[in-house]
Amino acid sequence: MKTSNPVLARLGQAAERERAAGYAPAGPYGQPGYPQQYPGAGYPAAPGYPAAPPTVTPMSLDDVVVKTVLLLGILGASAAAAWVLVPDALVGVAWIGAAVVGLVLGMIISFSRMANPALVVTYAVVEGVFVGMVSKAFESLYDGIVLQATTATFGVFFLMAMLYKARVIRATPKFVRGMIAVMVGLFAVMLVNLVLALFGIETGLRDGSPLAIGFSLVCIVVASLSFVLSFHEVEEGIRMGLPQRYSWVAAFGILVSLVWLYIEILRLLSYFQGDD
């Protein structure tokens, strides 16, 4: 099955290579596929014939759900540990360090052709430190804001899941291409804004002004809609028969959207907290 998503296209090519090595699609009732029948399957290979290749189990929705919950648990534990163990004087350093490392790991995972569970788990640990430091900084300024942001984040996630399941929002090829373009554009704007801020140049995108509020609202809407892309990737990945380990990649996509949405909601709520 062809897809307009470049990441899925690469994963699909990897799945095709594995199927060419002997994997057959799942049966009509969802049972795992079986390798092609080779002479000597189950017995010592006869002269001139290759041995039967190993069975490759396709991923399922349950696989993605389990991996997502696991990654969220790792992220939460890492965030809590960083909150408790990192001294207040080092919050800023840990915040920036985790953000940079997380960005590098995220790009490697996104553009890699292979699913690497260890790399995805490492990303969850690093992002946990980042989220923990950001949360600690905001909570020290605005009591209760972390709980509010967390509640709102998961509320939006479950709302988008229901809307997608009801087909109220569809991941059409045009929608996918538009979302990817918008997300790349937003990422570029945020990166430029960060670089300018390091040189003391303020753009007004993150200072609590009406422009900053508007920009955060745009980011929240786009981050929310990015769940549609993640759900679509899961759905198509299952249809394409991607191997089970690619559920880590699907879970990674959901985790990225959750972290992005949480940070943007946290930032937006801070704009309305006042200077108490």
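A patch here is made of residues with over 30% relative accessible area and no salt bridge, with like charges joined within 9 Å and nonpolar side chains (Val, Leu, Ile, Met, Phe, Trp, Tyr) within 5 Å. Areas come from the Shrake-Rupley method with a 1.4 Å probe, and for residues only the protein chains shown count as cover. A salt bridge puts a side-chain nitrogen of Lys or Arg within 4 Å of a carboxyl oxygen of Asp or Glu.

You're looking at a predicted model, where local features need pLDDT of at least 70, side-chain atom pairs count only at pLDDT 80 or more, and totals for chains, interfaces and linings use all residues. Numbering runs from 1 along each chain as its sequence is written, and side-chain values use heavy atoms, leaving out hydrogens and water.

**Stop one: the patch.** Select Leu103, Met107, Phe111, Phe187, Leu191, Leu194, Val195, Leu198, Phe199 and Ile201: together they make a nonpolar surface patch of about 1,000 Å². Helices H3 (91-111) and H6 (173-198) each give two or more of its residues (helices are DSSP runs of H or I, at least four residues, numbered from the N terminus). H6 brings the largest share, 5 residues.

Now click Leu194, in helix H6. Its relative accessibility is 48%, so Leu194 counts as partly exposed (between buried, under 20%, and exposed, over 50%, using a 1.4 Å probe and protein chains only).

**Stop two: helix H5.** Pick Ala152, which lies in helix H5. Ala152 is partly exposed too, at 29% relative accessible area.
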